[in-house]
Amino acid sequence: MAEKPELKEKKTIWDKLQDLPVSSLFILVILSMSIIYVYPIGLPVPITQMAKDTFNALNTLPSGSYIWIYNAYATGSIAVHEPGLIAILRHSIAKHFKIILWSADTPIMLFPRVLEKIKPDLDRANYVYGKDWAYLYIPGGEPIWANILQDVWSVVTVDKDGKPFTQMPLMVDIKNRGPTYNSVNIVFFQTTGGETVDGMVRQVNVRYHQMTGVRLIGQILEIMVPAARPYYNAGNMDGIMNGGVGAAEYELLLGRPGAALKVTDMLSLAQLIVLAYWAVGNVGFFMKRYSRASVPKGGG
Amino acid sequence: MTLLLVEQKFATGKGLDLIALVIIWALVLYYIYLKKGEVWIRRLPALDFIDESIGRAAEMGRPVIDHIGGGSPSEENAPATVAGLSVLGYVARLTARHGVELISPMQVQSTIPMAQDVIRTAYTMEGKGDVFEANMEEMLVWAPSNANLVALIQRKRPAVHIIIGPTWHEVMQTLEMAGRLGAVNIGGTNRVIQIPIVCAVCDMSLIGEEIFAVGAYLSKTKSMVGSLAAEDWCKIATMFFSILGIVLATLGPSFVKPLTDLFLW
Amino acid sequence: MAMRIVRRQVPLVLTFLTGMIYVSEWFVRETVLTDMTTGIANFIQTATVFVFLFSTINLTVIHVARIRRQLRGPKQLREIFLSSFLLAMIYIVGIVSAYYTVVRGWKLPSATPEYMWWYNNWYLSSSATAYAGTLFYIIAATYRILRIRSRESLVLIIGFFIALLYTTPVATSYIFGLSSLGEWLDRIIVTAANRAIMIGVGIGAILMGIRTLLAMETGYLGAREE
């Protein structure tokens, strides 16, 4: 007896478009990023209003202002945050600010890499450690930030290498000026965690902005910008450096192109590839819905 | 004289904060002690989905993986961590009841003792304390990195993957891997940045403060339900002030000034 | 009975008192309160170190028990090598190198060349690589999951498309109007939605805090036996 013919759905071009091997996408992205890393194209980077506001928050401060930098980035975001930190430090040195950095363990381990790149700027501006800039090791979250800005001497009395504050003219000067918030003109933070943004707004802007006019800017990952935007729109933050792209914009505004611009090239190309694959997948999905491809095999 | 002393001691710009806090406390106490928690709360579909999914896991004979993300009880995400532990306790009771294997990977060391306690108590309440003691090392796994979590999911091939708590970027990787292996994904986070990812990839999700409401929904005790009602009234008040502010701001700066002055009192 | 009071009641009382001190410090300008909150913050820092130590010991106990239970031969050794055994080895190396830096004079590990070599060449590269792995999951999910299956998903996809193009610098440079559209979307729609979620989360956190202060939320102490 002849078997009933099986209704087998023929795999059409639309099915194949929907089901492209994901490994091909990975390979394309890796290849494009690797090539760009070695041979940067120099794709254009438009400057946004947010980047201009971030730049101006620093630029409009007078020479001798105090900038406090809190870095809380991890090894995973080094490609994005390190250029941002270098750009801010270069700008601060150019404006002859007093620079106080503070962080917990990981950024301190990563700081020698940054120091290597900004050393020529420090030497050119005759910056002396302990007199013009300092790096403090202060682990802890929001409760500690509140106390740092109130009185940093009550939180720590040595820097990250164990050097007492009494041997650092910068910290002695801060103590002599009264509560620490009198020596804070702008706070710049870097983070990969959303809570830092909320905490910084609470402890810096809400507490001290009305009293001392302290400014607050931060570099956060692109994915976090929508969540931080309400603070920027409301004026709680004076600027946001939008991840790697924001760092690239800052470098352009500063006139010192660096690693962030290379990262932006890689980002542009990778995103376009992902978008192309997504579009192809959806075209396949749509066309499959509106076409028929069931072909019976065998005869009656 | 006393009034002057009080004025000097009271921080400026926080008058409305104090009034709001007192009203919230009063509301919470009202709903708990006067209304005795008799408030209707809508069903949270995600939690009912958990019941069905664990039943599905029992039928399939595959484990349930439940983790609470990367928060710890000693920092800002402590409330969400506690909410995640509440769900873990509930899931542990269900898995003990149905005889399903539960695997709870913890990313932060400091949550391990708490999770141990929660799961042990849940299993003991179901009369399966010895099961927990015998399988503790398999049940409670330290997986600090995302690679660990993904490898665990690949190895165990769970039927249900639950991630409720303060989540970071591990949520994308674990949900994607679990989804690819055919597991049911149930997620919830308070972290605004991760909410879109959770909603896009999960089969059922809890958004924002719903994870805090979870504790109330699961326990159904009058104290928890009462505070949930107070929370909803707070949201209504926030909406009222927002609309009032929009209307006054549209009318002009002189109309909105009394409202802004109120917030600076 | 006494143990029950110590385990259940004392933490609840401590939680309430600490919470009230912090709340009072926010509203009242009194040096005593500020000093108390500073003291509590310092105590939290110290306690966190002990929590870390306790959880390290706890973890070591769990893994040593697992190794002892499962290590019956070479086959089992292979199975648990990459998890428990290697973890224990890395722990010991880390503790020994940390002890070495302490003996060197209480400096932070960054001052020790040996530790920095280990950190830069092992931890930094593997950590960054593991984090970079997220990229592949995201792009795989973008391709597989984001399909226009319904009207709701169409709205989601349109937003996704504009957001992705807007965050691509080369696209914003060449596509006319994209920058303004993306900026508008960000400033109005996204901000409004995020504000609403943030308000909800904030209110939820306040109520959670009140529940914790009033000893209604005791999840952190383990389940209650009513």
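Student: How many Å separate the centres of domain 1 of chain A and domain 2 of chain A?
Tutor: The centres, taken over C-alpha atoms, are 43 Å apart. Domain bounds here come from an automatic or database domain assignment. This is a predicted model, in which local features need pLDDT of at least 70, side-chain atom pairs count only at pLDDT 80 or more, and totals for chains, interfaces and linings use all residues. Residues are numbered from 1 along each chain as its sequence is written, while chains are lettered from A and ligands numbered from 1 in the order in which they are written.

Student: Which residues go to which domain of chain A?
Tutor: Domain 1 of chain A covers 7-39 + 265-296, and domain 2 of chain A covers 49-257.

Student: And what is the domain assignment of chain B?
Tutor: Domain 1 of chain B is 2-34 + 221-263, and domain 2 of chain B is 45-219. Over C-alpha atoms, the centres of these two domains of chain B are separated by 35 Å.

Student: Switching topic: how many helices and strands does chain B have?
Tutor: Chain B has 12 helices and 6 strands. Both are DSSP runs numbered from the N terminus: helices are H or I with at least four residues, strands are E with at least two. The C-alpha trace of chain B spans about 70 × 40 × 35 Å along its principal axes.

Student: What share of chain B is buried?
Tutor: Of the 265 residues in chain B, 49% are buried. Buried means that 20 or more other C-beta atoms, placed from the backbone, lie within 10 Å of the residue's own; 12 or fewer is exposed, and in between is partly exposed.

Student: How many residues do chain B and chain C bring to their contact?
Tutor: Chain B brings 50 residues and chain C brings 44 residues. Among the helices of chain B that each supply at least two residues to that side are helix 2 (15-34), helix 4 (78-98) and helix 11 (222-251). Helix 11 of chain B gives the most, with 8 residues. The chain B side divides into 26 nonpolar, 16 polar and 8 charged residues.

Student: At what angle do the axes of helix 7 and helix 8 of chain B cross?
Tutor: They cross at roughly 15 degrees and come within 9 Å. Axes are lines fitted to C-alpha atoms, for helices over the stretch in contact, and angles run from 0 to 180 degrees between N-to-C directions. Helix 7 and helix 8 of chain B are therefore roughly parallel to each other. Angles under 35 degrees count as roughly parallel, over 145 as roughly antiparallel, 65 to 115 as roughly perpendicular and the rest as oblique.

Student: Which residues of helix 7 of chain B meet helix 8 of chain B?
Tutor: B:N146, B:L149, B:V150, B:I153 and B:Q154 meet B:E170, B:Q173, B:T174, B:M177 and B:A178 of helix 8. That contact has 5 nonpolar, 4 polar and 1 charged residues.

Student: What is the angle between helix 11 of chain A and helix 5 of chain C?
Tutor: Helix 11 (residues 259-289) of chain A and helix 5 (residues 134-145) of chain C pack at about 25 degrees, with their axes 8 Å apart. A:V274, A:Y277, A:W278 and A:G281 meet C:I139, C:T142 and C:Y143 there.

Note on methods:
Contact = placed C-beta atoms within 7 Å. Nonpolar A, V, L, I, M, F, W, Y, C, P; charged D, E, K, R; others polar.
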